[in-house]
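Subject: Structure for your attention

Dear colleague,

I am passing on the structure we spoke about, and below it you will find my notes on what it contains.

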Amino acid sequence: MNVYIDTFINGILIGLIYGLAAMGLALIWGVLKVINLSHGAFITLGMFLSYLIFKYFHIPPYISVFFTLIIGFILGFLAYFISLHKIVSHAKNFKEYELSSLLSTFSLSLIITGFLLFIFATTPMAINLPLSLFETKLLASFFSIIFTIALTLFLYKTYMGKAIRAVSQNIDAAKLMGVNTTLILAISFAIGISLAMAAGNLIAMVFPFSTLSGILYELKSFVICVLGGLGNPVGTIVGGIILGLLENFFGLFVNQGLVPFIEFTILILLLIFKPNGLFGGSK
Amino acid sequence: MKKYLSIALALSFAFFGCLDKKEEKGNKQSISETKAKTASKDFIVIGYTESKTGKFATESREQSQGLKLWAEDVNKNGGIYVKALGKKLKVKLISYDDESLKDRVQQLYTRLITEDKADFLISPYSSGLTASAAVVSEQYGKVLIATGAASDKIFKKGYELVYQIYTPASRYLKDAIDLLKEKHPDVIKIAIIYENSNFAKSVATAAKKYAEEKGFKVVVFESYDPGTSDFTTLINKIKEKGAQALIGGGHFTDGQAIAKQVNDVKLPLKMLCILVAPAIDKFKEIGKAALYVSGPSQWEPKVDYSPKTYPEKFYGISSKEFVEKYKKIYAKDPSYHAAGGYAAGLVLQKAIEDSGSLETSKVKNALDNMDIYTLFGHIKFEKAPYHGRQEGHKMVIVQWQEKQNKLDKEIVYPKEASTSNYIPYNKKF
Amino acid sequence: MKKNLFSLLLALGIIFYFILTPMILNSPILRESSFTTLMYIALAISLNILMGFTGYVSFGHVVFFGIGGYITFALLYYYKISLFLALILAGIFAALIAALLGSVVLNLRGAYFAIATIGINEAIKSLVNNLEFLGGAEGLFFNMKIYKSYGGPQNALWLSFYLLGIITIVVLIISYLIKHSKFGLGLFAIREDEDAASTLGVNTKLFKTIAFMISAFFPAVVGGIFFFKNGSIDPGSAFSLTKSVEMIFMVMLGGIGTILGPVLGAITYDKIKETLLVSEAFKNLHLTISGIILLLIVLFVPEGIIGFLRRKIKVLKNILD
C-alpha cells in the first residue's frame, strides 16, 4: 500500500483514539471550568481495571468497557464530592476556584498514582487479544465514534444533558431556573471520569502501558481540547483526528523525536491566536 | 528599613568569608571520624537508594531483590571475613527511595554515608542517578559499585571509586552486529531506531558507528519519544527505505510494541534485534509476534556460569544456584537486573576479602586488580582513561524460538554460551 | 511599614538558620537537607513574584530552572568559564527568554496561561532532547576535574550550598522590595482586576513582563547551582513537570502573595516529603499520603499557613505578611 494512504488511515484511527481519551477532560473543562489534572491518573486506572478484568475473568476490554463506565461514574461522583465540591460550592464564580481546583485534582492524581505505583510499580502491562494492532485500533475507533454519538445525543436530547449544557453556559441562570447545580456538576464530573476510564480501558487493548502512561494521554488531551474547543464532543473528536494526522505526517518527514516539540508549539500558537479552538470565534 | 537590609547583607558577606577556613577543618574531621568508627564494628553497612516510585520502579525493585538475596547468603554464612579486624562481619543493607529523580539522590547518599555510616555504596538504578550519586561517593571517598548503569560517559569523568558491573552501552549491540555480519553476509541496508532516552541513545549511537565500520549502510537512524506506542509511521519509513534488518528499541514497552507491529505488517526483515524487551520473560505475552525476535541481554537465567565452566577464577555461587534461590523466594525467574544486584554484592565481598580490610584505598586496590568469573559472568575493570568501566563482562544474545509449540527464550550467541541455533527472523512469514 | 519588616526579618532569620546550622555544625547531612529546603524556598519565592503578586499561575515554571541548568552546564562544559559568571549569564538568558515568551503568552489569562506554560515546558524539553550539543536525551556529564578548580568535590558541594544561600536571601529581599514599591502596587492591581488596572494607567503589559522576567531569573540561577552540584544534567530531570506543580503547592501552602508564605510553604512541604521518604511505615505509600495531605490543605486551609495564622491569632493579624 502507498505509504501516504497508510499514514493517513493510521492518523485517523490514532486520532479517534486520542479524541476518545480527551473527551472526558473536555466535558469537565467545559462544564465545571476545571482543568482536571487527575485525568491521566483515571485513564491509567481504567487501563489497569481492563487488565485485571481480562486477567482474572477473561473478559476482553471491548466488553469490560461497559463495566468500567459504571465504575468510573461511581468513582467520579465520589471524587467530585471529595476533592471539588467544597471548593466549587464556596466560590462566587469559577475564576475563584480555577487555581485551587487545579491543585485539588492534582492531589487526586498523586493519590491514585501513588497507590498504583505501590501495587504495580512501573511494570509494563499489555493485554494481548488474538487481534492485530490494526484490528484493535479499528475496534477502539469504533467505540470512539459510538461514545461521541451517545454523548452528543445525551447532551442535546435529554433533560439531564440540557441541564448540563445550561450549567456550562451560565451557572447562575441555571440555578435561578431551579436546576440542582451541585448534582449537575457532580454528574458532569462523574461522566468525565467515566469516559476517561473507559478510554483507558480501550487503549489498554491497543497499546502496552504502565502506571505512568496516563500522563502522556493527559498532555495530548490538553492539545486536543485547545484544538477542538470545549463546546461539544464532535469538536473533541475532530481535534483528536487533527492531532493524529499531524503526528503521523510530521513523523514521516522529520525525526520522530521532534514530534512532541511540534505538537506543543502548535498548542502554544493556538492558545495565542485561537484560544477558543480552531472552530470557535477568535477571542 | 535600610539599616536592617544592610545588616542582612553584611551578615551574608560575613559567612561567605569564612568559607575557606571551614572546609579545611571539615576534611580533617571526617578522617578522624572514620578511624574512630572502624574500631568497634559489628556490621559492614552497605547503602543504596532504590527507585520505589517513579519510572524505574520495576527494574530497581528487581535489582534490590538480587542484592538482598546476596546479603542473606552472606549473613547465613556468618558474614564476610575481614582480616584486619580478625573476625567475620555481617552485612547490613540500608536503603531509601529516590523516586527515580535526581532531586534527592545526593541528599540520600550523604545521609547514607554520614548518618547511617555506610562503609560501601551500591548505585541507584540508571546512569543518570548513578552520576549524581558518584559525585557524593567521590567526595567522601567511598567505593560505589554501579549496577544497572550502562553508560560509558560516567567513566570518562575521572571518577576514582566507581566500578561498573554491566557491559557498557558502547558494547551493548556490538555482538548483535557481529552476529548479523556472520549469518547474513548479504545484508547491507539496516535500520536503527531508538527511544530518545539516555540509555537507548548511547547504545544506538555506538551501534551505528560500529555497524558502519563493519560495512553496513544505516538507511534509517531515528529516535522516537519515550512513551511512544504507535510505530506505524516509523515502520512505514523502514519499509520504504528497504532496510533488511532492524535494530533498536529502548525500554520494555516500546520494544514489545515494535515487535508486535513489525509482525502485524509482516515486514520481511532478516533480523529483528531489540533492546531490553526480548530479554524479559513477559515478552512472550505477544505470542507469535515474539517468534525469532532477538535481543542482547546482560545475563540470562539459562546461562551456565559455574566453577565447572571457569574452574580457575570462579567466585561465589553458580548461576543455576542463584536462579533456584531466587525462584524459591520470589516465585519467578530472575531478570538480569536481579543478577546484577547480586553480582554487585559479590564483587564487594570479594574485594573486602582480598584486601582484608574495610578501608577504601585497600578495597579500591583489590577492585582495580579484580579479574573473576561470577554467576553474572566475567568481571574486570578498566584502567584510566575509563577507570572503573566494565571490560570483562560480555553480553549474550537471546532469541525467542518455538519448542513443542511453546515459545522459549534461547541463547544463540556467543557460541560457548549458546543453547540453540540462530534462526533468521523472516523465516516465520 | 513595621509590620512588613517583621515578616521579612522572620523570613531572613529562617533562611539564615538553614544556612548557618550546617555551617556551624559542619554537618554534610544537614547541608544536603538544607540545600533541598533552600532550593525549594528560592523557587517558591520566585514563582510567588509572578503567581502571588501578579496572579498569573505558571504551571511550567520549572522550564526556567531547566534552561538555567542547561546554560550553566554548557558554559562550564564547553567554555570553562567561571561558575559565577555562568550563573549570572544563565539568569539573564532565562529572563530574556521570559521576556520573549511573555510578550505572547501573558496575553492569556487564567487556565489558558497555565496550559500554555505547560506547553512551553514540554516543547523545550522535547527540543533539548533533540539538540546534540546539549547531549540530547543522554544529557551532559561533568568531568570531576571541573570541581578541582573549586577545591575538589567537597568544597564544590559547600560552595554550591553557600551560593544557593545567597541567592535565596537575594530573592527574598527582592520580593520584599517589589511588594513595597510602586511597581508591586501595579502588579497587585493587575492581580485584582487587570482591565481596571489598565484603565487606571498601569502599563499592564510591561509590568507583567518584568514580573515574569524576574521570576524567571532566579529559578535559572538555582537550576545552574543544582546541576553544577549534581555533576550531570538531562532533559528529564531539568524539565520535570512535577517540580513545577510542587512549586505552586509550596506557594499555596504558605500563603499566596505574601513575603513569609513561600518560605514557610517550602519548608513545610519539604519536611513532609522528607519525613515520608525515610520513614519505615510510609515510604512505600508516600506519594499517596502526600496527595492526601495536600488535598486536605487545599480544601481546609486554602488561604495557606499565613492566612490561617492571621485568622486564628489576632495579634498576628497585622504583623504577618
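This is a predicted model: local features need pLDDT of at least 70, side-chain atom pairs count only at pLDDT 80 or more; totals for chains, interfaces and linings use all residues.

**What was found**

Residues are numbered from 1 along each chain as its sequence is written, and chains are lettered from A and ligands numbered from 1 in the order in which they are written.

The C-alpha trace of chain B spans about 75 × 65 × 35 Å along its principal axes, and its secondary structure comes to 12 helices and 15 strands, where helices (H or I, at least four residues) and strands (E, at least two) are DSSP runs numbered from the N terminus. Buried residues make up 57% of the 429 residues in chain B, a residue being buried if 20 or more other C-beta atoms lie within 10 Å of its own, exposed if 12 or fewer, and partly exposed in between, with C-beta atoms placed from the backbone. Of the contacts in chain B between residues at least 6 apart in sequence, 65% join residues at least 24 apart; two residues are in contact if their C-beta atoms, placed from the backbone, lie within 7 Å.

Chain B has an open sheet of six strands in the order 2-3-1-4-5-6, with mixed pairing, and two strands pair if DSSP finds at least two bridges between them. Strand 2 (80-82) and strand 6 (162-164) of chain B stand at the edges with a single partner strand each, so one side of each is left without a neighbour in the sheet. Within chain B, strand 1 (residues 43-50) and strand 4 (residues 120-122) run parallel and are joined by two bridges, and B:I46 stands opposite B:F120 in strand 4.

Elsewhere in chain B, strand 12 (residues 371-374) and strand 13 (residues 377-380) pair in the antiparallel sense over four bridges and form a hairpin with two residues between them. The bridge partner of B:D371 in strand 13 of chain B is B:K380.

Chain A, by contrast, has 11 helices and zero strands. Its C-alpha trace spans about 60 × 45 × 35 Å along the principal axes, and 61% of the 283 residues of chain A count as buried. Helix 8 (residues 181-206) of chain A has 26 residues and reaches 38 Å from its first C-alpha to its last, close to the 38 Å expected at 1.5 Å a residue, the expected span being 1.5 Å times one less than the number of residues. Helix 8 of chain A is also mostly covered, with 23 of its 26 residues buried.

As for the contact between the chains, it takes 29 residues from chain B and 29 residues from chain A. On the side of chain B that touches chain A, helix 9 of chain B gives the most, with seven residues.

With best regards
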